[in-house]
Amino acid sequence: MNRREQLAWLAGLIDGEGCISLTRRSPQRKHRCVSPSYRLILKVSMRHLDTVRRCREITGLGTLHMQDTQKAHYSSAYTWFCNATDAELVIEAVLPWLVTKREEALVALDFLRLPQAKRGGANGSATVDADLDAKRKSPRTEVRGPGGAERRFSTPPSLCRVPMQ
């Protein structure tokens, strides 16, 4: 497979098995944080390890995690996980082929272009825009992109979260 075919395959996998989400991190008093902070997460989770490994091989980015199950009759799940800069690079590379997750990808890119302070600063060291928190919580999140273009994130980010170990 050539590079374009690999990226198209990865886009299809992200569309079907992936998740692009903005997660909220609560302020932590021990670090003197004043507000929550947000981070972008891109992940693909499934039970077939070779497929998840291939995501990492194609991009050279992210990390692989195994999530054991609590019940013996279930098999383990594997997750390829990217955050922030890695997620941005992957999203930009696969964007031309995304269909189902295209809007979420555009919102994610708009989010990363916000100044760090508007996202809560490093680990919540700055006051967050009240509107960012409200938008993230709503079922249809709107973010103004470059030139004032409106982007909608139609899947509530909380539906994408899977506990990681």
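Author: Strand 2 and strand 4 run antiparallel and are joined by six bridges, where two strands count as paired if DSSP finds at least two bridges between them. Helices (H or I, at least four residues) and strands (E, at least two) are DSSP runs, numbered from the N terminus. This is a predicted model, in which local features need pLDDT of at least 70 and side-chain atom pairs count only at pLDDT 80 or more, while totals for chains, interfaces and linings use all residues. Residues are numbered from 1 along each chain as its sequence is written, and side-chain values use heavy atoms, with hydrogens and water left out.

Taken together, four strands form an open sheet with antiparallel pairing, in the order 1-2-4-3. Strand 1 and strand 3 (63-67) stand at the edges with a single partner strand each, so one side of each is left without a neighbour in the sheet. From one strand to the next, the twist averages 35°.

Strand 2 is largely enclosed by the rest of the structure, because eight of its 10 residues are buried; buried means under 20% relative accessible area, exposed means over 50%, and partly exposed lies in between (1.4 Å probe, protein chains only). For the protein chain of 165 residues, 41% count as buried.

Helix 2 lies across strand 2, strand 3 and strand 4, and runs at about 20° to strand 4; axes are lines fitted to C-alpha atoms, for helices over the stretch in contact, and angles run from 0 to 180 degrees between N-to-C directions. Thr51, Val52, Cys55, Ile58 and Thr59 are the buried residues of helix 2. They cover an arc of only 120° around the axis, which puts them on the same side of helix 2, the arc being that of the directions from the helix axis to the C-beta atoms. An α-helix has 3.6 residues a turn, so residues three or four places apart point the same way. The cover over the buried residues of helix 2 includes helix 1, strand 2, strand 3, strand 4 and helix 3, with contact meaning heavy atoms within 4.5 Å. Just after helix 2, Gly60 takes a positive phi of about 70°.

Helix 3 (residues 84-94) has Ala87, Val90, Ile91 and Val94 as its buried residues. Because they cover an arc of only 100° around the axis, they sit on the same side of helix 3. These buried residues of helix 3 pack against helix 1 (3-17), strand 1 (18-25), strand 2 (37-46), helix 2 (49-59), strand 4 (77-83) and helix 4 (102-112). The axes of helix 1 and helix 3 come within 9 Å and cross at roughly 110°. Helix 1 and helix 3 are therefore roughly perpendicular to each other. Leu7, Leu10, Ala11 and Ile14 of helix 1 make the contact with Val90, Ala93 and Val94 of helix 3. Angles under 35 degrees count as roughly parallel, over 145 as roughly antiparallel, 65 to 115 as roughly perpendicular and the rest as oblique. Ala84 also belongs to helix 3, and its phi is near 45°, a positive value in a residue other than glycine. Most residues other than glycine have a negative phi. Ala84 is partly exposed, with a relative accessible area of 35%.

Finally, the cysteines. The structure holds zero disulfides, a disulfide being a pair of cysteine sulfur atoms within 2.5 Å. Cys82 is buried, with a relative accessible area of 1%, and its sulfur is 8.6 Å from the closest cysteine sulfur, in Cys55, which is too far for a bond. Cys19 lies in strand 1 and is buried, with a relative accessible area of 7%. Cys19 and Ala105 are 86 residues apart in sequence and 9.7 Å apart in space, C-alpha to C-alpha.
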